[in-house]
Amino acid sequence: MFFVPIYIEAIRARPVLIFWAAALAQTAVWIAVPMLFYSAPPGDLAQLLATGHEFRFDAGVGPPLASWLAEIAFRGAGLFGVYVLAQICVVTAYWCVFTLGRAIVGPSHAAMAVLLMVGIALFTVPSPDFGPPILTMAFWAVVLQQYWQAAIKRRKRSWYGLGCAAALMLLSSDAALLLLGALVVFTAVTGRGRKALEAPEPWIVGIALVVFLLLHLVWLQGMWLQGSEDSLKPLLERLRDAQSAGLNTSAWLRLLAALALAHAGLAILLVLAVGWPRVRAAPAPPIARPHADPFAVIFVKIFALVPALLATIAAVVAGQKLPIGGAAPLVVLSGLGIVLAAGDSIALYHQRVLGFAWSGLLLVPAAFVPLLIVLLPWTIGMDLKIAQPANAMGEFFAESFQRRTGQKLAIVTGDPRTAALVALAAPSRPSVFSDADPSRTPWVTADDIRKKGAVVVWLAADTSPTPPPDIKIYFPDLVAEVPRTFDRPVQGRLPLLRVGWGVIRPGSVAPAQ
């Protein structure tokens, strides 16, 4: 008797149900994992919240929308709210891919495209680390979906949806100009794109976007001018250097290889679906679709590949180790591109194994998180950022400052990561000051430190109260305390987590000029 798994039939008969089941399952997993097992926010989330806490335009770290939204979510529901916000961005990207795919290849193949996206690592394990890449991924997916509706399907209202998403992209990421520029060039060089420009709506939207474009350029200029290493002259000299050509090529290939490696799970699903290793069992009845518009094939191929090429090249030119704007926006159309390349009729082999493989790609990385938190400290002695005792650190330094000065802690400085964790967990939510580069934290001045005082923190290797040289230079009169030891959730073979610290009393110590 021939047997077809129920999920195969559901892809054929209930693709919308399959989409929501897959998207919500992934959302639930990656909200639950950080809430249950992370004792500190992942990646740069603490620094992002420290920036968003000030609600400033002149933060010196680029477009601010991601930090603002993260701060709003944190004030409303703590880190749970931030993790939910991150998954809303992922589901938004999935929904836009599904609706775009439904218009191009039909609902069943669109559902398969979304199912393949679970195999892209950038949408799973790193997704709780909310930031500009995650937010831009959602807006870029909206832009692509609305562009198809506006320019190809001639739905005039969609131009305004595209304009809103593009404006928010310009407020979110330093990659927005690159991504939107690629869309503008595509419109200008294709016949359908030029035909769409005959309507007044795209011009109205374009004029409105000029304001956001100017703001975006101001932020980019501020980021570009920070630090001598990022100035224009050294960059041009590096590009003219013949010896650096090979190094730049190697760096570019490494970035492309990293993007390809992020698709490893998708590749596993693809290999199983096409019938390797070979089996005698017949595939499920093919899932067919109408022939795709050749222009749609070109559209998906270009925006599945060109943004990744441009962002990686720009990263190499700028001397950055990651693609401009992060990798997440660059892989939005990978699943849809694979489905389009598979043809009008897709026969799925290894139906049962495919279901188990997809479930494994969803659940195994999540199951590995607590396992790694327990095993890594005992085996290789790796100190995971997500396993640092943020709450204990914030409560101790806030209480110590208030006990010594009679005032609530208002400013934290020193080691950037440690200071951001303390500021995030302290009850008073103090501001973070960067003594290494004060231009990155213009919301705190030397007068603020004199008036309000501060706590200076750094990671200490031993019990010596001597601060690092850079902190000693900036705060020459700082009296350091004996480093405080904090218990990790899993200590293992790791050295003790010692945090050196000192209190600047209000009105007592002035930083160096």
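Ten salt bridges occur in this predicted model. A salt bridge here is a side-chain nitrogen of Lys or Arg within 4 Å of a carboxyl oxygen of Asp or Glu. Side chains of opposite charge can pair when their charged atoms come close.

As the model is predicted, local features need pLDDT of at least 70 and side-chain atom pairs count only at pLDDT 80 or more, while totals for chains, interfaces and linings use all residues. Residues are numbered from 1 along each chain as its sequence is written, and side-chain values use heavy atoms, with hydrogens and water left out.

Start with R12 and E9. Their side chains form a salt bridge at 3.8 Å, N to O. The two residues sit three apart in helix α1 (residues 6-13), so about one helical turn separates them. Helices (H or I, at least four residues) and strands (E, at least two) are DSSP runs, numbered from the N terminus. R12 is partly exposed, with a relative accessible area of 31%. E9 is also partly exposed, with 34%. Buried means under 20% relative accessible area, exposed over 50%, and partly exposed in between (1.4 Å probe, protein chains only).

Next come R75 and E71, whose side chains meet at 2.6 Å, N to O. They are four residues apart in helix α4 (residues 65-105), again about one helical turn. R75 counts as exposed at 52% relative accessibility. E71 counts as buried at 0%.

D293 and R192 form another salt bridge, with the closest N and O atoms 2.8 Å apart. D293 lies in the loop between β1 (287-288) and α14 (294-318), and R192 lies in helix α9 (residues 191-196), so the pair ties together parts 101 residues apart in sequence. D293 is partly exposed at 27%. R192 is partly exposed at 34%. Elsewhere, salt bridges that share partners join E71, R75 and R429 into one network.

Now the sheet. Five strands form an open sheet in the order β4-β3-β5-β7-β6, with mixed pairing. Two strands pair if DSSP finds at least two bridges between them. β4 (431-433) and β6 (480-486) stand at the edges with a single partner strand each, so one side of each has no neighbour in the sheet. Neighbouring strands are turned by 30° against each other on average, direction ignored. Axes are lines fitted to C-alpha atoms, for helices over the stretch in contact, and angles run from 0 to 180 degrees between N-to-C directions.

Within the sheet, β5 (residues 454-460) and β7 (residues 497-504) pair in the antiparallel sense over seven bridges. A460 has R498 in β7 as its bridge partner. Helix α17 (residues 390-405) packs on the sheet and touches β5, β6 and β7. Contact means heavy atoms within 4.5 Å. The direction of α17 makes about 25° with that of β7.
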